[in-house]
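Welcome, and please load the model in your viewer. We will go from stop to stop, and at each one you will hear what to select and what is there.

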Amino acid sequence: MNDGQQNRPAGRTAALMREGRKVLSFGVIGVGNGFVNYAVTVGVTVLALTPLGLAASDPALGLAKALGWAVAVSNSYLFNTLFTFSAESGRRLTWPTYLRFVASGTVGLAIEVTSFLFAVRYLPLSLAAIVPIGLAFVANFAMARIFVFSRPKRPH
């Protein structure tokens, strides 16, 4: 065996460790943004919709939820650009990358909703609500990794 063949397993292990750290970072940021989404949605509902008498209005509640999601996805883009995918992004925030991130998040949201609607027919609600989160996490990470932050940016 030559030196190149002996280094391959070590190289693969190092690559897997790097990718594992990215998955963990992406997950921690995602959990944090789940709280952001919740706080914005509830905050807008309690502080704005309730005083206006709109807390029972589906369109108003939908807008509050959409705002919570939009703030969370924007925050997620910021932190994933600066930390999780810093090597790939060069820690540069750009509109094209942001729009790809939002688009990939929208696909992830569609996967989550669709899988929930399927799962809730066959599983108890408590489990049916959890399974889609895992599926969406895998889809969101894969799309962010492949379509949004696909390659390291070289310094100019």
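Begin with the largest pocket, which has a volume of about 730 Å³. To find the middle of this pocket, select Gly30, Gly34, Trp69, Glu112 and Asn140: of the 26 residues in the lining, these are the closest to the centre. Keep in mind as you look around that this is a predicted model.

Next, colour the helices around the pocket. Helix H1 (3-49), helix H2 (58-84), helix H4 (95-119) and helix H6 (131-148) each give at least two residues to the lining.

**Second stop: H2 and H4**

Hide the rest and keep H2 and H4 on screen. Their axes come within 10 Å and cross at roughly 125°. The crossing of H2 past H4 is right-handed. To see the contact, show the side chains of Trp69, Val73, Ser74, Ser76, Tyr77 and Asn80 on H2, then those of Thr97, Tyr98, Phe101, Val102, Gly105, Thr106 and Leu109 on H4. By class, this contact holds seven nonpolar and six polar residues, with no charged ones.

What is the phi of arginine 91? Its value is near 55°, which is positive in a residue other than glycine.

**Last stop: H4 and H6**

Keep H4 and bring H6 back into view. The axes of this pair come within 9 Å and cross at roughly 155°. Angles over 145 degrees count as roughly antiparallel, and H4 and H6 are therefore roughly antiparallel to each other. H4 passes H6 in a right-handed crossing. On the H4 side, the contact includes Thr97, Arg100, Phe101, Ser104, Gly105 and Glu112. On the H6 side, select Pro132, Ile133, Ala139, Asn140, Met143 and Phe147, which are among the contact residues there. Coloured by class, the contact of H4 with H6 shows 13 nonpolar, six polar and two charged residues.

Technical notes. Residues are numbered from 1 along each chain as its sequence is written. This is a predicted model: local features need pLDDT of at least 70, side-chain atom pairs count only at pLDDT 80 or more; totals for chains, interfaces and linings use all residues. Side-chain values use heavy atoms; hydrogens and water are left out. On a 1 Å grid over the protein atoms alone, a cavity is a set of points where a 1.4 Å probe fits but cannot get out, and a pocket is an open set with protein on both sides within 12 Å along at least five of seven lines; lining residues have an atom within 4 Å of a point. Grid points are joined across faces, edges and corners, and a volume is the space filled by probe spheres set on the points. Helices (H or I, at least four residues) and strands (E, at least two) are DSSP runs, numbered from the N terminus. Axes are lines fitted to C-alpha atoms, for helices over the stretch in contact, and angles run from 0 to 180 degrees between N-to-C directions. A crossing is left-handed if the near helix is turned anticlockwise from the far one by less than a right angle, and right-handed if clockwise. Contact means heavy atoms within 4.5 Å. Ala, Val, Leu, Ile, Met, Phe, Trp, Tyr, Cys and Pro count as nonpolar, Asp, Glu, Lys and Arg as charged, and the others, Gly among them, as polar. Angles under 35 degrees count as roughly parallel, over 145 as roughly antiparallel, 65 to 115 as roughly perpendicular and the rest as oblique.
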